[in-house]
Amino acid sequence: MTDRYCVFGHPVGHSKSPAIHAAFAKQTGEAIDYAAIEAPLDDFAGAWRAFVAEGGAGANVTVPFKEDAFRLCDTLSPRAQRAGAVNTLVLGANGQTYGDTTDGVGLVRDLEHHGVELAGMRILVLGAGGAVRGILEPLLKAEPASVLIANRTAEKAERLAADFTDLGGIRGGGFEAVTGPFDIVINGTSASLAGDLPPLPDDLFVPGATAYDMMYGAELTVFLAWAAERGARPIDGLGMLVEQAAESFFQWRHKHPDTAPVLAALRQSL
Ligand code: ATR
């Protein structure tokens, strides 16, 4: 029987996950069906239960349900436990629901594929919302020299950093506390959506620095365009999207798809 998977979101029509997983399935010879399901805002758990009752074996979870998904899980990966959010649900043989978050490992793998070394680097992360919380554990485990989280609301960055201090050198503050330069700057704010740019000093980057935006599009985001003008190498989050999907696929099917051709096709389609 064909195993069923889906991505839950609201809205979800724009999601690229069905195309990505269809490509992974074709490449690996796995017979899976993968749909996009718009879950009701007030009953995510009901949507997951209904999907399981219809033969669902696992799911991806996107905005705004990652915390709802976290709450319904019977067991969690340590990284999901720390993130307080889940983007991958797996139905166990015992009928229990296991939750993981693959966003952070997706980011780290995408940086690796771009040849960006993390160990020993000074990293600045912009933003202190759910998206940033989800990437911090894998980022810190890559042993950077330091991580500074800067956020419009400084206290949120301070609190977030405090939750991760056991994993290494991390601190948080407001944008005014940012004094560079940095080797890697990761934008995890949603400011680009509004065409906004966090207030940042001009001398943010070392020569040869990397600027990474967790968002992506046909053109450079406002942040990446600003960074490229200051000499940094701009990388958008499309690769992270494909890598987090590949890690979810691995959780379900125990096969690692080759992400490069899938990313290339997706880039073409933007
Ligand atoms: P997500 O799940 O995408 O992280 P979120 O939890 O709402 O969403 O967090 C959004 C992040 O983008 C926050 O860090 C937010 O800053 P505040 O904590 O001060 O609200 C940041 N953000 C959103 N719009 C911004 C803007 N115009 N300028 C700077 N930061 C912005």
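This is a predicted model: local features need pLDDT of at least 70, side-chain atom pairs count only at pLDDT 80 or more; totals for chains, interfaces and linings use all residues.
**Binding-site annotation.** I began with the UniProt record, an unreviewed entry, which places the feature "binding site" at S15, K16, S17, T62, N87, D103, Y216 and Q244.

**S17.** I located S17 in helix α1, which covers residues 17-28. I counted 25 C-beta neighbours inside 10 Å of S17, and S17 is therefore classed as buried, since the cut-off for that class is 20 or more. Leaving aside neighbours within four places in sequence, I found S17 in contact with V7, N60 and A245.

**D103.** I then turned to D103, which lies in helix α5 (residues 103-113). With 29 C-beta neighbours inside 10 Å, D103 also counts as buried.

**S77.** For a further position I looked up S77, which sits in the loop between β4 (75-76) and α4 (78-83).

**Ligand shell.** Around the ligand I listed 16 residues, of which G129, G130, A131, R152 and T153 come nearest. Helix α6 (residues 130-133) supplies the largest share of this shell, with 3 residues. By class, I recorded 6 nonpolar, 7 polar and 3 charged residues in the shell.

**Domains.** I noted a division of the protein into domain 1 (3-101 + 240-269) and domain 2 (104-236), whose C-alpha centres lie 25 Å apart. Where they meet, 12 residues of domain 1 are in contact with 13 residues of domain 2. On the side of domain 1 that touches domain 2, the elements giving two or more residues are α4 and α10 (238-253), and α10 gives the most, with 5 residues. I sorted the residues of that side into 4 nonpolar, 3 polar and 5 charged.

Last, I went back to the UniProt record, where an unreviewed entry places "domain: SDH C-terminal" at residues 237-267. Over this stretch I found the chain to be 81% helix and 0% strand, with the end C-alpha atoms 11 Å apart.

Note on methods: Residues are numbered from 1 along each chain as its sequence is written. A residue is near a molecule or strand if its C-beta atom, placed from the backbone, lies within 6 Å of it. Helices (H or I, at least four residues) and strands (E, at least two) are DSSP runs, numbered from the N terminus. Ala, Val, Leu, Ile, Met, Phe, Trp, Tyr, Cys and Pro count as nonpolar, Asp, Glu, Lys and Arg as charged, and the others, Gly among them, as polar. UniProt positions are given in the numbering used here, feature names are shortened, and annotations may be inferred rather than shown by experiment. A residue is buried if 20 or more other C-beta atoms lie within 10 Å of its own, exposed if 12 or fewer, and partly exposed in between; C-beta atoms are placed from the backbone. Two residues are in contact if their C-beta atoms, placed from the backbone, lie within 7 Å. Domain bounds come from an automatic or database domain assignment.
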